[in-house]
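Dear colleague,

Please find below the structure that I am handing over to you, together with its sequence.

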Amino acid sequence: MSNIKNNYVVLTGDKNNSGDYLIKKAGLYLLNKYRPDRVLTPIPAWEPLNKERLRLVNESCALILLGGPALQPQMYPCIYPLTRNLNDIKAPIITMGIGAKPKSTYPEAPHHYPLTDQTHELLTRINRESYQSSLRDYYSGLIMQAYGYNNFITTGCPAFYLNEDQSQTENSSPNSIVFSVGVNFAKETDMLHQTKDIIYQMITELDQPVRVAFHHSTTPKFLNTHRPNVRLYDQQHKLIEWLKEHKIEYIDISGSAEQMLSLYSSCSLHIGYRVHAHILTSSLGKPSLLLAEDGRAINMKDVMGGMILNAYEEEGKGLIPKVLKASGLSHRAKPELWREIQANLAYEKKAKNQRTLQVANNLRMHFYFMKSFLDQLP
């Protein structure tokens, strides 16, 4: 343990979703490349710090909370159990690319984003550190500002920079397409209909090879992970039966970043609901059309730009919509989203991938802030 004094302990959220594995891979890549003076020790974010791990943290330069939608109402202790007493942690606590998780694609005002007292306790601790912390997007930054936490900067997600030298896209028609499956279809019938309609339209109208990608596991091992979404698991299998019935190819890329990299590196267009499929494809300089099923996807517009369409119709105003929203029933999936998809793809082709190139420029600009963040770490 001779390198402990030069160590970063990095809390990661890679349990099942391939996007979480991509964040881990990208975050460790950036830390290794730009802070080669430090040894990295990644540990699962969802596990409390036992005595041995707490000692490791306290003998390290920093405890880094890496990526993902961790800025949630119960960030502490549900997302990060850490310790019962935060004062037991002596090393600086620093976030790297975390972001909020607003459920609605029409997010509420940042000062209305709810946070528990315990979460405020953690954020207060992070905010008073001598080192700046990093956030995924500007909406998350506005939440921090609204609550008086000013020691944070928007750097983008670490996965933006896994491929730092974004290649220029060619002005050519895609010859292969990947469709990424979301999660809301598992609990909303209209989203299931929307998902099936888009897949069917892609197969019949684009006349190009299409593969449907599941980022969450479709195998029983998923049920053994920490707090598994059993309903999603069951509904994915029902969707797979529909895919088989229509002879549509699908692939499970959960459980690693490598399968995700292999799939999206070999395609020339992504369409779908997974934010990190959009991030990865875009970072590779390829066209990607993200269908927003929650606020995370919408918030990517300010950071990345590119083709991002709201999968839901705008919520109504007044008392009844507010009551429905409180019950989680205020969303209505757009019934004719395919027309918007067609129009955006046609325009992007006509404009010679203008918005795809815009994304590459935005990622290069935000990397300046990520590099500054990495340089100032202890």
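Six bridges join strand S1, residues 7–12, to strand S2, and the two run parallel. Within this pair, Asn-7 stands opposite Val-39 of S2. Please bear in mind that the model is a predicted one.

The strands S1 and S2 belong to an open sheet of four strands, arranged in the order S2-S1-S3-S4 with parallel pairing. Strand S2 (39–44) and strand S4 (93–96) stand at the edges; each has a single partner strand, so one side of each is left without a neighbour in the sheet. On average, neighbouring strands of this sheet are turned by 30° against each other, direction ignored.

I turn next to the cysteines. How many disulfides does a search of the whole structure find? The search finds zero. A disulfide is a covalent bond between the sulfur atoms of two cysteines. In the case of Cys-267, the closest cysteine sulfur is that of Cys-157, and it lies 18 Å away, which is too far for a bond; the cut-off for a disulfide is a pair of sulfur atoms within 2.5 Å. Cys-267 also counts as buried, at 4% relative accessibility. Cys-61 is likewise buried, with a relative accessible area of 15%, because the limit for a buried residue is under 20%.

By way of background, most residues other than glycine have a negative phi, and most peptide bonds are trans. The peptide bond from Tyr-76 to Pro-77, however, is cis, with omega near 15°. Pro-77 is found in helix H3, which covers residues 75–79.

Leu-82 is found in the loop between H3 and S4. The phi of Leu-82 is positive, near 50°, in a residue other than glycine. Is Leu-82 buried or exposed? With a relative accessible area of 3%, Leu-82 is buried.

Asn-353 is not a glycine either, and has a positive phi of about 60°. This residue is found in the loop between helix H12 (337–350) and helix H13 (354–375). Asn-353 counts as buried, at 7% relative accessibility.

Yours sincerely

Key. Residues are numbered from 1 along each chain as its sequence is written. This is a predicted model: local features need pLDDT of at least 70, side-chain atom pairs count only at pLDDT 80 or more; totals for chains, interfaces and linings use all residues. Side-chain values use heavy atoms; hydrogens and water are left out. Two strands pair if DSSP finds at least two bridges between them. Axes are lines fitted to C-alpha atoms, for helices over the stretch in contact, and angles run from 0 to 180 degrees between N-to-C directions. Buried means under 20% relative accessible area, exposed over 50%, partly exposed in between (1.4 Å probe, protein chains only).
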